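Biologist: Please take a close look at one part of this model, the paired strands and what they contribute around the ligand. One connected account will do.

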Amino acid sequence: MKKIEHIGIAVNDLKASNNLFEKLLGVAPYKEEEVLSEGVKTSFFMTGPNKIELLEATHIDGPIAKFLAKKGEGVHHIAFAVDDIVAELARLKEEGFTIINEVPKRGADNKLVAFVHPKTTNGVLIELCQEAPEET
Ligand SMILES: CC[C@@H](C(=O)O)C(=O)SCCNC(=O)CCNC(=O)[C@H](O)C(C)(C)COP(=O)(O)OP(=O)(O)OC[C@H]1O[C@@H](n2cnc3c(N)ncnc32)[C@H](O)[C@@H]1OP(=O)(O)O
Ligand SMILES: [Co+2]
């Protein structure tokens with residue numbers, strides 16, 4: 001794994017949280033994107049070299065809606081950048097971690113993503129991200 005790619009934060013109201021994080025970080029979000037497959041609307045902030053992803057639920061049965069219902073707003077996952085997501089998933093599986101997505105899927109901000117179950121990572125949901133070609 002190369003570095004932390006982003007930290008994902010679950011929020012109830014993306015618009016309100018965009019305003020809050022803009023005040024907090026002193027920069028505006030550089031992008032907003034809806035990812036239908038995950039049931040989320042996201043926004044992204046850069047602060048120095050670090051990226052924050054805010055996530056609002058768009059689907060009542062989606063992972064963010066369920067997380068918000070159980071735990072409330074807060075840090076939802078840590079994402080790591082990798083060069084070869086398939087190889088990294090195989091390595092983690094071999095090490096005994098539970099992989100949620102055997103096949104990487106399209107995430108936000110031009111990434112291929114896959115998740116590792118928090119029950120096998122001390123309660124922290126881990127996302128792997130590999131750069132993907134821009135969608136046309
Ligand atoms: C925008 C796209 C992408 C990007 O490009 O960056 C994203 O970031 S998408 C982010 C949203 N998508 C995901 O989270 C996908 C991966 N998550 C899942 O597949 C599921 O949420 C899960 C982790 C498998 C849990 O699903 P499920 O078992 O159906 O939900 P439960 O609510 O019943 O939870 C079971 C258990 O797990 C705990 N949990 C759930 N989410 C988290 C979390 N984010 N961090 C820590 N723990 C989590 C939950 O509390 C339950 O625990 P117990 O109550 O103790 O059983
Ligand atoms: Co993410």
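Modeller: Strand S2 (residues 31-35) is joined to S3 by 5 bridges, and the two run antiparallel. Strands here are DSSP runs of E of at least two residues, helices are runs of H or I of at least four, and both are numbered from the N terminus; two strands pair if DSSP finds at least two bridges between them. This is a predicted model, in which local features need pLDDT of at least 70 and side-chain atom pairs count only at pLDDT 80 or more, while totals for chains, interfaces and linings use all residues. Residues are numbered from 1 along each chain as its sequence is written, and chains are lettered from A and ligands numbered from 1 in the order in which they are written.

Opposite glutamate 34 stands lysine 41 in S3. The hairpin of S2 and S3 has 4 residues between the strands, and glycine 39 there takes a positive phi near 65°. S3 also pairs with S4, in the antiparallel sense, over 8 bridges. Serine 43 has leucine 54 in S4 as its bridge partner. With 2 residues between the strands, the hairpin of S3 and S4 has glycine 48 at a positive phi near 60°.

Around ligand 1 there are 26 residues, the closest being Pro63, Gly107, Ala108, Pro118 and Leu125; a residue is near a molecule if its C-beta atom, placed from the backbone, lies within 6 Å of it. Elements that give two or more residues to this shell include strand S3 (40-47), strand S4 (50-57) and helix H2 (63-71). H2 supplies the largest share, 5 residues.
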